[in-house]
Structures are given as structure tokens and as C-alpha cells.
2 protein chains.
Amino acid sequence: MRQQSFFSPTMRDVPQGADITSHQLMLRAGLIRQTASGIYSYLPLGYKVLRKIENIVREEMNNAGAQEILMPAVQPAEIWEESGRIHDYGPELMRLKDRHNRDFVLGATHEEVITSLVRDELNSYKKLPVNLYQIQNKYRDERRPRFGVLRSREFVMKDAYSFDSSEEGLEESYWNMFRAYQSVFKRCGLDFRAVEADAGAIGGKGGTHEFMALSDVGEDTIAYSDASDFAANIEVAKIADGYEKPARPETSMAPIDTPSMKTIDDLMKGLSIESTSIIKSVLFIADEEPVLVLVRGDHEVNEIKVANLLDSSEVRLAEDAEVEQVMGCRTGFIGPVRAPENVKILADYAVRGIAEAVTGANESDKHFINVHPDRDITISSYEDLRFIKEGDPAPDGKGTIRFAKGIEVGQVFKLGTKYSKALKADFLDEQGKAQPLIMGCYGIGVSRTIAAIVEQHHDESGIIWPKNVAPFDIHLLTMNVKQEDQAALGESLYKKLREAGFDVLYDDRKERAGVKFKDADLYGIPVRVACGKKAAEDIVEVKLREGGEAVEVAVSGLMDYLKQHA
Amino acid sequence: MRQQSFFSPTMRDVPQGADITSHQLMLRAGLIRQTASGIYSYLPLGYKVLRKIENIVREEMNNAGAQEILMPAVQPAEIWEESGRIHDYGPELMRLKDRHNRDFVLGATHEEVITSLVRDELNSYKKLPVNLYQIQNKYRDERRPRFGVLRSREFVMKDAYSFDSSEEGLEESYWNMFRAYQSVFKRCGLDFRAVEADAGAIGGKGGTHEFMALSDVGEDTIAYSDASDFAANIEVAKIADGYEKPARPETSMAPIDTPSMKTIDDLMKGLSIESTSIIKSVLFIADEEPVLVLVRGDHEVNEIKVANLLDSSEVRLAEDAEVEQVMGCRTGFIGPVRAPENVKILADYAVRGIAEAVTGANESDKHFINVHPDRDITISSYEDLRFIKEGDPAPDGKGTIRFAKGIEVGQVFKLGTKYSKALKADFLDEQGKAQPLIMGCYGIGVSRTIAAIVEQHHDESGIIWPKNVAPFDIHLLTMNVKQEDQAALGESLYKKLREAGFDVLYDDRKERAGVKFKDADLYGIPVRVACGKKAAEDIVEVKLREGGEAVEVAVSGLMDYLKQHA
């Protein structure tokens, strides 16, 4: 491609409103432009990268035996009614009406469409397993789109759906996809971790892993062990129950005045105690019933864990008015001692390990001291109810927990029968009995993978594309196109390199050398070949974008050099 | 691909509601399934064909120097306000609001998005010409979606947009795309014509051609010459002005009673005359002004021609009440003789050639006879105002007009500055003066191209794919997988054929031979290789889907045979 006629405008300055490096560089290098908030156009350079990633995904999916299809983005709302997700999704789901006033949604995912697509076709165990995938636009009306294509409202996703006749089959399909995802992200040059995760609005209770590209700008936090393979999203990272019950203390529980000491910090300062000797009480409403959850003062309640444990259709934090109504006192002073009898009390494992605790007295401006959980509180059960912390022992018993930030680039789900039951997609088993199809679903955020790659592969001058996803193989520059020998060598190399099978961007513009080098660094094509002052001697300058020094190479030896280094 | 695990369900019966062959066969062969009215999912077999066509389009676009990009399907309504098209499009344009109540549309085409995308970037003649294209979903909320993917509401389109600094540049870009389109449709195996056409809602007055796949189910009618290259959509086909003014007749104009003779047919029967001696009068309202259009009784007024000629912002047929108000009599009896002075009268060329005409008298139940246009009517001018007819002389003076039906698979437009002016997309010319970009736009209906191919390539048993767009190269069948020698030969050929670079669908199912042959005919893969009873003798049966006889071929000679025939 001749750069003179290549539409890929660069910017010298950091664009306004672009807060993270990948967003800035994708705009500056002319990969994308914003069309509306959270809605982007891909220019030729960005689209080439998108296609490279799509093709890697497509190859790995095909190798894994998945079959490519294409479903519509506009979906009838009625199948979302059948699955019930039309209510779960809320305003993130974009909705529209057609000219006949019928309701449609823009697909956020395609579980409903695919399930209704196969429900009359995959009707026998003989036709299973099948895995179908597509690479297609998805829509999520984010409340606050940001970070460029990392959190956008229209984006390219690969979504696959597996259909099995048994749990063992699902297990096989799931790990098959898991391995394909590892290959995809490895080929994309990403440093990533597969972590245990929460199923969120996709649902299904069979288990799920997120594929996280490690990056400080990631919106998710990963807890991992410094001594094992363990890695999980902190939303779901399990806690090891290593908290022994201490001996009953000799002291007795007693009330004390704690005026205005509403927070853990207030208590630590006011009473000169450690947060580890405080029991924090948080009131939830689970299907209209109050549940008091206790965690240690230095810990945070994990609402997802509470909700999963209670298995209620709705679990939410109690509002202030509800707290006062149920507990009879203001938030900040509630506690488990002598709590109303209708309040179920659940405690995190760590609470068991506190011998003499401070906790709210259910009376304004008062707390109890010397509370011994086993003696003074009626606890229904000790459970895993909190977020994991750095320094915690890893739940697999090996090593200590560390945190890292990650960008979610993929997720795999064991859906089970959630959608096949709701949409009545049955198959006949070997006994001729109708059973719901056992499903898995598997997503890759193709557009956000680009951003993740840029976050991991750049320097202060621009992007440094890993070879497999680079928009071109070689960036050929003629430093001064008005110099005949340089222009002639440039033209001849442009021809030769393409004949040798390289995809070449050829900077044939009438620009200054400085501009050309700056643009080349910004674009980040792996190999730069410059025809400059030594063109007459048939010498070019070759520089690898990734940390290489510029090296003079004789044209006669260029192909060998590129074979070795490019 | 092993057919056992291939998701491509066939149907034996003609599906309900599928009125045309391509729709029936695409459903029966498992290429597509309907997700909602006019909204389809592509199953693996259909998607493979879609990709083949996409890749042909992509190659031809790249060869023509166009650069691939990707724009969003969800577009901010405000740029459609800027261009004014939000009003032109009406209910065909799908609209939605985001969570902040901002207006968006689902892109029917992308002139607005691309113009706003380049408007700050293509700011100098030095950066021109540029041609950008994408292959992407488009949305049109058809009032009556039908014929499967031929008239659907979500469909795949290739749209390209050229930007030039001069009219000559646009001319070059236009014919460059025109030639690329010829290559695309030739490679797709289509019998097609490029015809002059109307620009419709896309707009621009520089000229446009439609690419029409000839087919009896086409919704457009093409007028072509039986003796030259002339071809045009009947909407715009020009008429040669070959109508001489006859000598003034000796008879005088006279009123006659024509009770209840409101139509041309009534007059022909009632007065025993030919339609060619009747002048038909049709009243239009052009920007609030009445215009009476006259055509010969056997001709039909072409409203597009009337609108183009008048160049008014709104031209429409007068309603009955308006007719009575303006002409003072009922529809059916209006005429140009002694018409009110404020009514402009335009006549089609052919009217000039009538010596003694019958026409309405502007009085109920009365007509004039012996009307000589030149003598008795005040005609502003004679123009080309009617639809062309079979049998008319071709407008290029060569041959006679014939009609054919066509499916529109592509269209190219010289847009000129319609969108660049509206969206203020200027470039600086060589004199440093700001000028609006000169645009062209170029569309290919990728999904409907599939349907057009099927319409042209099928027989009573199923589809007959042209080689370039066939989903697989070879359909390999093991007739009885329980026969060890057949199964062994099938497996070995499946391996060998793939190693030789063929894309093979291998029917390894436990089905009867009849089912396998029927499915193979339906799928329409160009070459069928069957391992049957002579497997033990290393003999297979090869049949070309297109009209071939089944031939026995020794396995040792199979590769040579396929090289010659496949």
C-alpha cells in the first residue's frame, strides 16, 4: 500500500478525552475515530488489525471444530421475554420498534437467537455435539462509555455456543474452547490469565472463566497465588477457611459509649483498636427477608457471594430506612448481639477467629466490647462471604494472594440448561426421552483485544505490534522522494518485498524525514526499512520496532536479513 | 467437514411462505433460517457462500485501490438531520433512542457517517483521490419483507465511497468501480446487465447504473435494445423523440358526449378508436403549482421523469379534490383544451405525432374530438415524460426495445457534492481555495447476490453452485458406512482430497443412499464423489452437479480426473 493514498491520518498531540494509552494511540495512529459516544469507526490501519485478530479467532475456532454462522443483530424482543433476560438487562439493552410497532432489541449476546435457531433442528443425541460461532457486532448501551474501544456501545465480538447431550459432553466442549482461547490470546501476543469468574447477566451456574489481559488500566482485579496456578476475579475468588475458634475469653461482653463512631476508622481511632478486632455488620434484604452479614473490620462483604449463597431471586443491600425499621437503630451502630429474632445472621469465616470483638449494640452511639462470637452471637453459619485480600493465603493452600489488574478479553461459560429450558429446546436421548440441550457459551471481545494488545505493546513513541496482528509486515520509507536514487530504490524494493510475500506499507509521501520516522514509530509496524542517503550505495537502514537499533544492510543481503529478523 | 457433525439441516418439502425458488432452496438446503420477518440467520453452509462472495468483493475492491474500513451500524440521528435524509427516508429508516434519550438510526447506508469521518482529514487535494469501503450490516424496515434475503430488513452490503478533487477524478473513480463490479458479478457466475437507473433516496444527479442479475423473479424491469448495448431501468429509460408533427387536419375540434367514459378503455370501446389517438391528461402539483402532463393513450406517465424535469422540491399527483378545484371537473374528463391559464401544460413527445386526438373537455361526461395539439392546445414544451414500452425504438437509434426482469445486485452513483456540501466536508484545492469534496458511492447487496445466484443456478433437485462461490469444492459420499471397504475408502479419500487442497464435505452419516444423493443434489456442491459398491475394486462414481452423468473413475486416476473436471 502506498502511504500517499493510504487513509490513516496521524495526530501529534494527545487527543482530548482519551485517558488511557491504548485509546490515545489508537486515535493518534489513525486506527479509529469516534462516530458517537462509545461508537467508533475503524480506519484502514485499525481495520487491518481487527481482521488479523478475527482471522486468528476464526482459525482457532475452526480447528476446535466450531462452525461459523451469522445471526442478526436485530432480534425479536419476544425471545428475550421467553428467556426472561429482557428484564435482567435493564437499560444496557438497546431496544427499538419496527414500523409495525413490534418490539426488537439490538443483540447484547445471542443465546436466545441461537437457542431458537437450533430448537427444532438439534432434536436428537445423534446430531450432538455441535458448536456454532459467529463474529459479529454486539450492542450494550453503557451508562458511561469510555477508554475507546475498551468500553464501547457497539463492538465486534466472537460468540460461540455449544450444544451437548450430557454434562460430560459440556465439560469436553468447555475445555476445548478454553484451550482454543489460550491459543488465540497467545497468538495475539497477550500476557493473560484465565481466571475463575462470575456469570453475571449471561447466567448459568456451571462455572465460568474470564480471560484477562494483564494491564494497569484493566477494570477488573485478579487475585492470583504467588506459588500456584490459582487465579480468580476478586468478585468470586474463594477464601480458604483457616480460622480456628479461639478459647472463650475471661472478659465479658459490655456496652460502651461510642458517640459518632459510625465507621471502622472512627472505632479504630476512638477506641485505639485494630480493625481485625471489629465485627462489621451489613444488612441485606433477600426476597423481603432481612439477613445480617458479619465480616471482620478489615474485610469487605462480597454481595455476589451473599446472593449466590442465599439463592434468592433478589438480594440487595437494605436502605437506611429499612435498617432502622428492622434493627431499631441507625446504620453504623447495628450489630448481631441481641438482634431481632427474625433476622438471620451469617458470618464470614474470619469472624470465627476473633476472640474479643467490638461490634454495634443496636443502639445509637453504643457498641459492645469483648464480644466472643461463639458465646455471644446466634450465628446461623460461617461462610465465605467476603472479598479476598492481598496477603490472604491462596484458597488452594499454596502460596499467598497477590492482586493484578486485568482487561477482560474473553469469557467461557457452562450455561447448562438455562436457555434450552426457557426456550424449550429439547433433544431425544438414547432412550427416546426429551431432554433440554446442555449448552455452553464462549465470547471473545475482538475489538477490545486490539486495545489490550496496544496497552501491553507500546512505548512513548507509539504502538509496537506483535507480528501476528501487525497491520503490515514491513514499513518501507523513502526518506526523500525527490532524490532520484532513493525514490528508485524505494520503488524497486516495494516491488521486490511484495513479490517475496511481505505486506508492505510504502511511505512515498513528500514529507520530511522527521515526519516519516515519527509516523512509523506511531504506526508500530514490526520492521522499518529506510531508503536514505546511502541509497546510491545500495544500502538501506533496517530497524525493528521492538527495541531494535537501526542497522545498515546491503540491499543484496536484505531478504536474508528480513528472513532472520522479520 | 464431516457431515455427521455439520449443522446444515435439509427439508424435503417446500416451506410455507417461500414463494420463489431461491427462497425455497436456501431454506431447504439449510443455508438460512428466518429469525423474524425479513431477518435471517445464516447457517454454516449459507455462511460459507456469503464469505466466498465477500472475499470476491474484497479482492476486487482492493485491486481497484479501495481501502477497507468498518463504520458503525448505529449512527447518530443528528448527521442524518444535517444531510436532510432523516425526512426523506420515512419509516424505512429504523430509529432508536439510547438510555440518555438521544436519537440514533440503524444505518440504511453510510454517506453521512463517512462524510463526517473524512471531513477534517481529507482536507487537501494532495490527499485525494481516496476510496473507502466496508462490508457490513445494513437496515431497511421494508413495509413488506419477502423473497427471503432478496428483500430483507437486515442484510449484508458492501458500500464504497470515493472522494475526488475534480469532476474528471469522479468520472475515473466511477468507471473504476463500474469495472470492478463487472468483475465481481462475472466471478459470481451471474448473467447480469449494467443499466442506467434512478438515484432514488441516495440522491446525486451525476448519473447512476444498476447492476441487474437477469431473473424472472426480479422486481425491476430492464429495457434493453435488441441491437445495441443500450440498457436502462424502465424507471429512467429515455425515449427517442422521433415524432413528427403531422399536417393540420381539415376537421375542427368538437365536443361530444361521453357519458361515464372515464378511462382510456371506456373511450376505445365507446368511440371505437385506438388508444394511440387519445391524449391522456394527468394533473400534478409541483411546489403547490398545478402542472398538466399529457401522454398518448397507450403510454404511461413516468413520475420520476416529471419530477426530474420540473426540479421542484416536491412533485406529486393531484388528489381528486385538487383536480376538481383546479380543472373544474371530475377526474376522467379533464383535458388540456381551454385549461385554466394558471395550469402549465407539458406534453410527451408522442403527443406531437397525433393529428386528430380525443381528449377530455374539462366538463363532466364530455370529450373533444379532432383535437390537433399544435392548433388547439397551449403546450409549454414537448418532453420525455413517459415510460418506455416494448417495441419502442431504442433511444440510441439502434434496434428495438425489449424488456427483461432483473434483481438489483449492485448500484454505482455519482453523488457529486450533495453530502459534502450538507456536512461541510471541504478540501483545499491547488489554489488554496476551499471546495466541497466530490463524491461517488457504490453498493453491492452481498446477501441478495446469493439469492440471485440461486435463481440463475438450480434445477428441480436443488442448487447448482458456480465453482467460485460453492460452499465446498467436493462432496464426498460413503454410500454405506457399515460396509468396511466403503468406509475405509471414504476415510482415505477424505484425507487425500483435503491434502490436495480441496475443501471437502464428507457425508459419513448412517443414512440411506437415497437420502445422501437427495441432500447432495440439494446442497449443489459442484463435484460429487461417491464410494459405493465398487469400493472394493477401488472405483468411485464421480458426478458433476451441473448436468453431468455419473462416471466410474478408478481411484488411481481420480486426482487427474478432478484436475480436469473440478
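Helices H1(B) and H13(B) are roughly perpendicular to each other, a label for angles of 65 to 115 degrees, while over 145 counts as roughly antiparallel, under 35 as roughly parallel and the rest as oblique. Helices here are DSSP runs (H or I, at least four residues) and strands are too (E, at least two), numbered from the N terminus. This is a predicted model, where local features need pLDDT of at least 70, side-chain atom pairs count only at pLDDT 80 or more, and totals for chains, interfaces and linings use all residues. Residues are numbered from 1 along each chain as its sequence is written, chains are lettered from A in the order in which they are written, and side-chain values use heavy atoms, with hydrogens and water left out.

| Helix pair | Axes come within | Crossing angle |
|---|---|---|
| H1(B) (residues 21-28) and H13(B) (residues 446-456) | 8 Å | roughly 105° |
| H2(B) (residues 44-63) and H6(B) (residues 167-187) | 9 Å | roughly 150° |

In the H1(B) and H13(B) pair, Thr21(B), Ser22(B), Leu25(B) and Met26(B) meet Ile450(B), Ala451(B), Val454(B) and Glu455(B), where contact means heavy atoms within 4.5 Å. That contact has 5 nonpolar, 2 polar and 1 charged residues. (Ala, Val, Leu, Ile, Met, Phe, Trp, Tyr, Cys and Pro count as nonpolar, Asp, Glu, Lys and Arg as charged, and the others, Gly among them, as polar.)

H2(B) and H6(B), on the other hand, are roughly antiparallel to each other. On the H2(B) side, the residues that meet H6(B) include Ile56(B) and Met61(B), and their partners include Met177(B) and Tyr181(B). The class count for this contact is 7 nonpolar, 1 polar and 3 charged residues.

Now for the two chains together: 56 residues of chain B touch 56 residues of chain A. About 4,800 Å² is buried between them, 60% of it from carbon and sulfur atoms; buried area is the accessible area (1.4 Å probe) that two parts lose on being put together, summed over both. In chain B, Phe7(B), Leu70(B) and Arg99(B) lose the most area to chain A. The interface also has 4 salt bridges, each a side-chain nitrogen of Lys or Arg within 4 Å of a carboxyl oxygen of Asp or Glu. Arg153(B) and Asp98(A) form a salt bridge at 2.9 Å, N to O.

Last, some backbone details. Most peptide bonds are trans, but Leu128(A) and Pro129(A) are joined by a cis one, with omega about 0°. Leu128(B) and Pro129(B) have a cis bond too, with omega about -5°.

Note on methods. Axes fitted to C-alpha atoms, helices over the stretch in contact; angles between N-to-C directions.
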